[in-house]
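Please find below a colleague's note on the model under review.

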Amino acid sequence: MKPLIIAHRGASAHAPENTMAAFDLAIRQKADGIEFDVWKCGSGEIVVTHNRQTQALSGTAGDLQTMTLKQLRKLDFGRHKDPKFRGERIPTLDEVLDLAHGLELINIEIKGTELRSRGIELDVAEKILRHKLLRRVVVSSFNPTILARLQDLNPAIRIGLLLYEKSPMPLRRGWSAKLLKPFSIHPSFALLKKKFVELAHRKDQKVIVWTINDSAQLETCIQDGVDAMITDDPAWMYDALHNAP
Ligand code: G3P
Ligand code: MG
């Protein structure tokens, strides 16, 4: 079976990351799923964007954890990519789930490295249930505390453990397995090894790799038998998987 194509922050190679334009494009480019990043803003809504600080993507300085949704909505999250995307607003989790409900895999990544998460797990869990997306969503995080809390709240919610080169050794070696029962493991490409995939599959876990943007990486993923690949450019990946000789 071919691995699933998951659009990283939407089709972020061609549209501003984590915006409705990027998610809409990913769907049109035949991605099987989308990945996006979430935070809880100052007024309590769950918003979709990568950085807690708004400066880099909107050009206006701010900390979204102290800003209301109304304040955040005034910022332009499209212009940094290209003037033609001027006016793209920060989406809410509800809006993205409404758009993405037909996709095979919806990967919500909860951001935040602090121990206190301001209750974001409860909000995310409630949205997944309200949108009836239990079977399509996986919630990933680099923060194992967030995943453990989510698992505690509702063991039916699928959690995904994000790993990269600097992740603590206990997580990379699976020593947390007694506490965390992830549905999937999400290694960076640098951590990918065939043995790693085989071990995960023996434990009935899926392997979702990020971020795959060239043919050599794609070939390795296929050889290693991964289940899904997160890419900035789903159109390129679709072509490489389905149309290449
Ligand atoms: O979920 C994979 C990837 O998105 C993790 O890193 O920084 O792009 O959110 P980042
Ligand atoms: Mg992410």
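The note takes up the ligand site, the metal site, the backbone and the aromatic rings in turn.

1. Basis of the note. This is a predicted model, in which local features need pLDDT of at least 70 and side-chain atom pairs count only at pLDDT 80 or more, while totals for chains, interfaces and linings use all residues. Residues are numbered from 1 along each chain as its sequence is written, chains are lettered from A and ligands numbered from 1 in the order in which they are written, and side-chain values use heavy atoms, with hydrogens and water left out.

2. Surroundings of ligand 1. The shell consists of His8, Arg9, Glu35, Asp37, His50, Glu109, Lys111, Phe142, Leu162 and Trp210, where a residue is near a molecule if one of its heavy atoms lies within 4 Å of it. By class, these residues divide into 3 nonpolar, 2 polar and 5 charged. In this scheme Ala, Val, Leu, Ile, Met, Phe, Trp, Tyr, Cys and Pro count as nonpolar, Asp, Glu, Lys and Arg as charged, and the others, Gly among them, as polar.

3. Polar contacts of ligand 1. A polar contact here is a pair of N or O atoms within 3.5 Å. Glu35 places a polar side-chain atom 2.7 Å from an oxygen atom of the ligand. For His50, an N or O atom of the side chain is 2.7 Å from a ligand oxygen atom, and a polar side-chain atom of Lys111 also lies 2.7 Å from an oxygen atom of ligand 1. Of the 290 Å² of accessible area that ligand 1 has on its own, the protein covers 90%; these areas come from the Shrake-Rupley method with a 1.4 Å probe.

4. The magnesium ion. Ligand 2 has Glu35 (OE), Asp37 (OD) and Glu109 (OE) as its protein donors, at 2.0 to 2.2 Å. Donors are N, O and S atoms within 2.8 Å of the metal (3.2 Å for Na, K and Ca), and water is not among the atoms, so sites may look incomplete. The donor residues follow the spacing E-x1-D-x71-E. Asp37 in strand β2 (residues 33–40) and Glu109 in strand β4 (residues 105–110) are 72 residues apart, and the pair links distant parts of the chain. Helices (H or I, at least four residues) and strands (E, at least two) are DSSP runs, numbered from the N terminus.

5. Asp37 counts as buried at 1% relative accessibility, as does Glu109 at 4%. Buried means under 20% relative accessible area, exposed over 50%, and partly exposed in between (1.4 Å probe, protein chains only).

6. Backbone points to inspect. A cis peptide bond, with omega about -20 degrees, joins Trp210 and Thr211; Thr211 is in the loop between β8 (206–209) and α9 (215–224). Lys132 is not a glycine, yet has a positive phi of about 55 degrees. Lys132 belongs to the loop between α5 and β5 (137–141) and is exposed, at 73% relative accessible area.

7. Aromatic rings. Rings of Phe, Tyr and Trp (its six-membered ring) pair if their centres lie within 6.5 Å; planes under 30 degrees apart count as stacked, over 60 as edge-to-face and the rest as tilted. Ring pairs link Phe142, Tyr164 and Trp210 into a cluster. Phe142 is partly exposed, with a relative accessible area of 31%. The rings of Phe142 and Trp210 are edge-to-face, with centres 5.8 Å apart and planes at 80 degrees.

Notes:
A polar contact is a pair of N or O atoms within 3.5 Å; within protein, one must be able to donate a hydrogen and the other to accept it, and residues adjacent in sequence count only if both atoms are side-chain atoms.
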